[in-house]
Each structure stands twice: as C-alpha cells, then as structure tokens.
Amino acid sequence: MVLVAFILYFVLVLGIGYYFYNKSHNMEDYFLGGRSMNPYVTAMSAQASDMSSWLLMGLPGAVLLLGLGEAWIGIGLAIGSYLSWLFVAKKLRIHSEVSGNALTMPEFFSNRFKDEKGYLRIISAVIILFFFVIYVASGFKGAGVIFTTIFPEIGLEIAMAIGAVIIIAYTFMGGFKAVAWTDFFQAILMVIAIIVVPLATIGNTTGGWDAIQAGLDGLGTEFLDIFYDGGSQMSIIAIISLLAWAFGYFGMPHIVVRYMSIRDPKEVKVARRVSLVWILLALSFAILVGIVGRGYLMLEHPEISLDEFNAEHIFVFLSGDLFPALIAGVLYAAIMAAIMSTADSQLLVASSSITNDIVSKTKWAAKQEELQNKLMWISRSIVIVVAVLAIILALFGGSNIMGLVSYAWAGFGAAFGPLMILSLYWKRMNFQGAIASMVVGFATVIIWNTFLTADTGIYELLPGFIFALIAGIVVSLVTKAPEQEIVDEFEKAQAIEKESA
C-alpha cells in the first residue's frame, strides 16, 4: 500500500509534466512560464522550491535532539522570505521585463548595466552552475536515503536513480510551468503532512499533550527554552548567525525567478500573503514535530535509544507508527515532494543559466534560424547533463554534500543578494559596482568559511553580504556614473511601479 501511494504520486507529477510538454513554445515559456503564472502557484512553488527535505527531516530532527533553540534558523528563514517578497518581488518583476525582457537573474544583471561583453552574465552563470550541481546532488542523495529507509530492499544507487529519473522527466518535458505546477501541489501536500503528523502524535500519545509536556519537563527547562541549544545557553553571535540565513533569499536564483514569472505585478501582494501563511504554518509545525516526537519516543517507545535513533527520520518514524500503510505512503511522498520541488527548480535554473546566458549569446546562436526551438532542446539536454553530474557527485562526493548546501546558500546570498537590492533601489549603481559586489561577496564567503567561521562562530553569509553591499556602493561612487540610457531605463521601471501601486 505504501508503494501504491508512491506510484500514484509519481503518476501525478509526470502527468503534469506531460500536460505542459506542448505548451512551451519559446524560451520565455520554458524558463518563465511566459510570465503568466497566477499568484497562488507563484507563492506556493517559491516556498516548495525553497524548503527541500530540510523542512520535514532536518529541522524536526535538530529540534528533537537539541531543543527549541534550533528554531532560530526557521525564524530567520521566515523573516527573509517575507522581506524578499516585500522588497524584491514586485520590483524585479517590473525591472526584469523593462531590462530587455530578461528571463534569468544573470541576464537581468547584464541587461540592467548594459554589459555588452557579458561579464556579469557569464560570472553569474558559472557560480549558479557550480553550486546547483551540489544542490541537486544533495536532493538526489536525499531521495535515495528516503527510498532506502522506506523500502530497505532497494539499493541506494537504484533508489537515487529512480528519484532522479522522475525529476528529470517532468522538468525535461514541461519546463517552468510543469515545475511550478508540480511544486504547487507538492507545497499543499507538504504543509498538510507537516500539520497532520504532530497533531496525530499528540492524539495517539497516552495522556495527550499534558503527558508529552510532563515528559519533556524531565529533560530540564532548557529543552523548551528558545535561548538554549543542546542544554547550553546560546550566545548573541550564535543567534545572529542563524538569523542571517534570511539574507540568502535576496539572491537565491531558483526563488527570485518565481517573482519574474508572476503574470501581473499587482498580484505580488496576494502571493506575498499566501507565501507568509504557508511558511509560518510549515515551520511552526515542523518544529512541533521535533518537540512532540521527542515526547512520543520517551513515553511510547522507551526502548529506543536516541544514541542509535536517526533523529532526521522522526517524521518517517511517526508516519509509519501512527497511520495505516496507504496514508503513511502519502506522508512519505510528502518528503519526496520536498526534495523534488527543490531539485526540479534548481535543474531548470542551472539549465537556463547555460542555455540562455551563455549558449544563446554566442556567434553560433546568432546564425541559427528557428533558434527558439533549438535552444529549448539544448536546454532539455543540459537538464540531463547537469542531473548526471549531480548523480555522480551524490554517489562519490562523500558525506559532506548536505554541509555544502549551507555553503552554497551563503555563496548565492552574498554574491547576488546585495547586487539585487542595489540594482532595484539605486539608480547610481553602475557596472563596476556590480562586478565588485558580486566578486567581493563570493570571495568573502570562501575566505571566511575556510579560515574564520570555526574561530568566530559567525555564518559566512553575514560578513559576505555586508562586505558585498559596501563594495557595490563604494566602487559605484568612485567610478563613472552610469550612462543616461541606463538611468532612463531605471526611471521607466520606477514609473511603472508607481502606476501598478
């Protein structure tokens, strides 16, 4: 029955991909859904592509082991997501269309500053490709782990291959619309699952919530104290570092591309509210899974030792322990939804960075007739190539891939976040400032992570973001002001913003 639930779920996502196969007629359709996405799909797909398996596995597991202090990263993510929708989404939707109808974030930066030689576009595309291979690899590895946890008789390699083939298939077929709509349904499945499991746990625990709370009280007051982590009081630096994850949203390619796809800038407000409700529900109940999961294990399964139990599997354990097989299968599918909704978006963005930002700008592309169709098939081929590289990395890249994901989040946030904000809010920003901001942010993350994170305890995204913001401002001020054409285009976008207010 668990297998039946999985099969039904995979049939649904593949069916969506097939439905949109013949509905992508050009590059704008394939990469941005023709800028025609409704606010609900835009909001839900943005959140689903953001959260990954961390929502249903990583966060509950961390809370279960170390206590409520692990919630700070969730608070940081909720704040960052909302601020990104508030300050970036509408402006980027308008500016990206005014700036030569840019289809990707690198193309927007290049068009915004009239970078005729494409330095911004190429550097951005290389950074995106490098980090998204790592991101997608972590997704494939996560899919393999989930499959082998639920179906132990399947080997890890085969399990990863199954997950990869399904993700590749619907991304290959339908492009952005298929990814957005599958993410929409997957976001609904994820939030229902994350709400149902902790409530069912409370209802099936002898004595209910009172018994769980009494059991947790035996661990000491620190477990449910948000200022304690693993029994130790958290420092201000530790809290700030966890909250600093918020800055990543301003430069995350697979998230900001959703802002560019919404059909009407006026609908961003609706999307922002939907997004806020979803993320607050999802994060709150994910934290609750960790709390009630710890109490449930203590009261109902005292024979289980936390030293031997994989805390990240608490959602899987509760689903299998509390629900009939078919419903448990649906809940397991929610974890796959979390993984797939992130991996598909990253595959598409990595593909678009090569096809739209590099291949389409070459001399070969300039000579081609019927270019749109050829580029779409090139992009589909690149989806497969990137996925194969990610599978190889997942198989042979060792156990540190999940750690590299946080590294990539910092890299994207510092390299692109300050540049995104300055591009949208400051007309004095110029090409030299843009290059400086991107390079300083990226370099700071690498240097800080290598030499200073362990000693300072500060997440590298925070200094990377601050230094990149300063570099962009200072270099722009000490170099030549942007040309009038760039200023005029910026002011045109501002005028459209006011009309759509």
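Author: Contact means heavy atoms within 4.5 Å. The model is predicted: local features need pLDDT of at least 70, side-chain atom pairs count only at pLDDT 80 or more, and totals for chains, interfaces and linings use all residues. Residues are numbered from 1 along each chain as its sequence is written, and side-chain values use heavy atoms, without hydrogens and water.

Reader: Which residues is Glu-497 in contact with, leaving aside neighbours within four places in sequence?

Author: Glu-497 belongs to helix α21 (residues 484–499); helices are DSSP runs of H or I, at least four residues, numbered from the N terminus. Its relative accessibility is 13%, so Glu-497 counts as buried (under 20% relative accessible area, 1.4 Å probe, protein chains only). With neighbours within four places set aside, its contacts are Lys-90, Lys-91, Ile-94 and His-95.

Reader: How is the pair of Phe-6 and Phe-147 classed?

Author: The structure holds 25 aromatic pairs, meaning rings of Phe, Tyr or Trp (its six-membered ring) with centres within 6.5 Å, stacked under 30 degrees, edge-to-face over 60 and tilted otherwise. For Phe-6 and Phe-147 the centres are 5.5 Å apart and the planes at 45°, so the class is tilted.

Reader: How many residues apart are Phe-6 and Phe-147?

Author: Phe-6 is buried at 1% relative accessible area, and Phe-147 is buried at 4%. Phe-6 sits in helix α1 (residues 2–19) and Phe-147 in helix α7 (residues 119–150). The pair links distant parts of the chain, with a separation in residues of 141.

Reader: What class of pair do Tyr-249 and Trp-409 form?

Author: Both Tyr-249 and Trp-409 are buried. Their ring centres lie 5.3 Å apart with planes at 85°, so the pair is edge-to-face.

Reader: How far apart in sequence are the parts that Tyr-249 and Trp-409 tie together?

Author: Tyr-249 is in the loop between α10 (236–243) and α11 (253–261), whereas Trp-409 is in helix α17 (residues 401–425). The separation in residues is 160.

Methods:
Helix = DSSP H or I, 4+ residues; strand = E, 2+ residues; numbered from the N terminus. Buried < 20%, exposed > 50% of the residue type's maximum accessible area, 1.4 Å probe, protein only.
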